[in-house]
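Subject: Structure for you to look at

Hello,

Here is the structure I said I would pass on. My notes on what was found in it follow below.

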Amino acid sequence: EQTHLLHLEGLEWGDYRLAFLANSVEEIISGGFSRLDNVTINYPGIDKTDYYFLTVIPFTVNDNESRSYDTQLQRLHGVVRYKFTNIDPDIKAIEVTMDGLTSTGCFAGTYSNDFSYTKRILVNQAGTAATKAEEPTIVGTFPTMDGRRSSWSIKLYNDEGDVAFYDRII
């Protein structure tokens, strides 16, 4: 367990919220910081495979006493890893689609802008994904909307062109 000490001197009496955004990059944040509700975290893209975390601590200044708060970081942006092995030689491409993800998060904790992600992976003659033979495919994702679940589908392609011979929701 780690403890961090932060001094905020000279604050007017009133209600405040202190936000900590951890392991993030500035490019994904937009909105004015004058109101925390206006700050949004925008989906950085499938190639951003870092984990981003946030915590918001509400507090009140109504006397000169020190306060202590315990908090935990909430994961905002996660990573999905998948790997295909022992692929049939007739399979020339694998397409993975994730539905029900979101592209915008808010410091208030809500997510919006429903979107889907699709990635096609070409298969080499050795029967492994052509990206890097033994490494998983890594995709950065945002969470789903409140009360909704995401779904995954997989399509398999052979030499017959752009029509999948296998198409299933997992």
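R120 and E95 form a salt bridge, and their closest N and O atoms are 3.0 Å apart. The term salt bridge here stands for a side-chain nitrogen of Lys or Arg within 4 Å of a carboxyl oxygen of Asp or Glu. R120 sits in strand β7 (residues 111-122) and E95 in strand β6 (residues 93-106), so this pair ties together parts that are 25 residues apart in sequence. Strands are DSSP runs of E with at least two residues, numbered from the N terminus.

Before going on, a note on the source: this is a predicted model, in which local features need pLDDT of at least 70 and side-chain atom pairs count only at pLDDT 80 or more, while totals for chains, interfaces and linings use all residues. Residues are numbered from 1 along each chain as its sequence is written, and side-chain values use heavy atoms, with hydrogens and water left out.

How many salt bridges does a search of the whole structure find? The search finds three. Besides the pair above, E95 forms a salt bridge with K155, with the closest N and O atoms 4.0 Å apart. That pair links distant parts of the chain, since E95 is in strand β6 and K155 in strand β9 (residues 151-157), 60 residues apart. D162 forms a salt bridge with R120, where the closest N and O atoms are 2.9 Å apart. D162 lies in the loop between β9 and β10 (166-169) and R120 in strand β7, 42 residues apart. Through shared partners, the salt bridges join E95, R120, K155 and D162 into one network.

Which of these residues are buried and which exposed? Buried means under 20% relative accessible area, exposed over 50%, and partly exposed in between (1.4 Å probe, protein chains only). E95 is buried because its relative accessible area is 12%. R120, at 35%, is partly exposed, and K155, at 25%, is also partly exposed. D162 counts as exposed, at 60%.

There is also a nonpolar patch on the surface, formed by L6, L8, L11, F20 and L73, with about 420 Å² of accessible area together. Patches are made of residues with over 30% relative accessible area and no salt bridge; like charges are joined within 9 Å, and nonpolar side chains (Val, Leu, Ile, Met, Phe, Trp, Tyr) within 5 Å. Accessible areas come from the Shrake-Rupley method with a 1.4 Å probe, and for residues only the protein chains shown count as cover. L6 lies in the segment before β1 (14-22) and is partly exposed, at 48%.

Regards

Key. Helices (H or I, at least four residues) and strands (E, at least two) are DSSP runs, numbered from the N terminus.
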